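Thank you all for coming; I would like to walk you through one structure this morning, slowly and region by region.

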Amino acid sequence: MTAEIISVGTELLLGNILNTNAQYLSQELNALGIGVCYHTVVGDNPQRVRRAVDIARQRADIIITTGGLGPTLDDLTKETIAKAMGDVIVENPDCMQYLKENYARAGRTMTPNNLKQAYMPSRAIVLPNDAGTAPGFALEQDGKLIIAMPGPPREMTRMFELQVKPLLQKRQDSVIYYRMLRMFGIGESSLETVLLPLIDGQTDPTLATYAKEGECSLRIASKRA
């Protein structure tokens with residue numbers, strides 16, 4: 001299985017925040033044997049998000065999005081994915097009840113725009129968010145699975161651990177193992193030259209060299225059922 005991570009948020013493109021979500025998800029997906037082939041970052045623009053989703057569906061089995069599930073006008077990920085997957089947005093009674101109870105417990109007044117978070121694609125599996133108010137969802141069509149999660153890292157990581165990871169483990173068919181070896185006193189080009197007989201025509205395991213400040217690293221990776 002292959003995956004693409006789509007991070008939605010103009011603040012990411014402006015450099016206002018660091019995209020730690022993509023790093024976390026790549027590590028977790030690879031541990032599940034799901035190869036992450038692409039990272040995409042797109043602003044809060046429905047046309048561009050739609051284009052990113054359409055491209056991802058052509059080249060990955062699993063698409064995971066983060067961001068754009070909140071109550072404001074620029075939170076359009078949910079609606080855009082529904083259109084791309086041929087679905088419609090409807091009120092979800094469970095989400096509506098949770099939303100109202102959440103605000104009641106906190107003693108806060110819920111503004112009308114927050115009701116938007118209680119609407120979901122009609123065919124979606126709802127992913128509860130016990131660390132926030134915006135639920136996520138999973139939606140499948142034509143063998144392609146899209147999983148949408150909120151952008152705040154605390155909410156996203158908790159949702160992944162409790163909701164998404166068990167969902168993906170049911171589809172898991174392999175595990176990726178890797179080791180990093182740290183080398184000193186040799187440059188990346190020299191290390192690659194030494195290992196070229198192994199690197200040429202490699203299939204599994206694979207070798208890759210990385211240059212770092214004051215050292216060179218070698219990654220050895222293998223995918224096993």
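This is a predicted model: local features need pLDDT of at least 70, side-chain atom pairs count only at pLDDT 80 or more; totals for chains, interfaces and linings use all residues.

Asp 142 sits in the loop that lies between strand 7 and strand 8, where helices (H or I, at least four residues) and strands (E, at least two) are DSSP runs numbered from the N terminus. Residues are numbered from 1 along each chain as its sequence is written, and side-chain values use heavy atoms, with hydrogens and water left out.

Back to the loop, then. Although Asp 142 is not a glycine, its phi is positive, at about 55°, and the hairpin to which Asp 142 belongs has two residues between strand 7 and strand 8. Is Asp 142 buried or exposed? With a relative accessible area of 66%, Asp 142 is exposed, given that buried means under 20% relative accessible area, exposed over 50% and partly exposed in between, for a 1.4 Å probe and protein chains only.

On to strand 6, which runs antiparallel to strand 7 and is joined to it by three bridges, with Val 126 standing opposite Phe 137 in strand 7.

These strands belong to an open sheet of six strands with mixed pairing, in the order 2-1-3-8-7-6. Its edges are strand 2 (35-42) and strand 6 (125-127), each of which pairs on one side only, and from one strand to the next the twist averages 20°. Strand 1 (residues 2-8) and strand 3 (residues 62-66) run parallel and are joined by five bridges; Ile 6, for instance, has Thr 65 in strand 3 as its bridge partner.

What packs on the sheet? Helix 6 (residues 153-169) does, touching strand 3, strand 6, strand 7 (136-141) and strand 8 (144-149), and its direction makes about 160° with that of strand 8. Contact here means heavy atoms within 4.5 Å, and axes are lines fitted to C-alpha atoms, for helices over the stretch in contact, with angles running from 0 to 180 degrees between N-to-C directions.

Helix 6 also packs against helix 2, at an angle of about 20° and with the axes 11 Å apart. That makes the two helices roughly parallel, a term for angles under 35 degrees, whereas over 145 counts as roughly antiparallel, 65 to 115 as roughly perpendicular and the rest as oblique.

Glu 28, in helix 2 (residues 20-31), counts as buried, at 18% relative accessibility. Leaving aside neighbours within four places in sequence, Glu 28 is in contact with Phe 160, Glu 161 and Lys 165.

The peptide bond from Asp 204 to Pro 205 is cis, with omega near 5°, and Pro 205 lies in the loop between helix 7 (188-199) and strand 10 (206-212).

Conventions. Two strands pair if DSSP finds at least two bridges between them.
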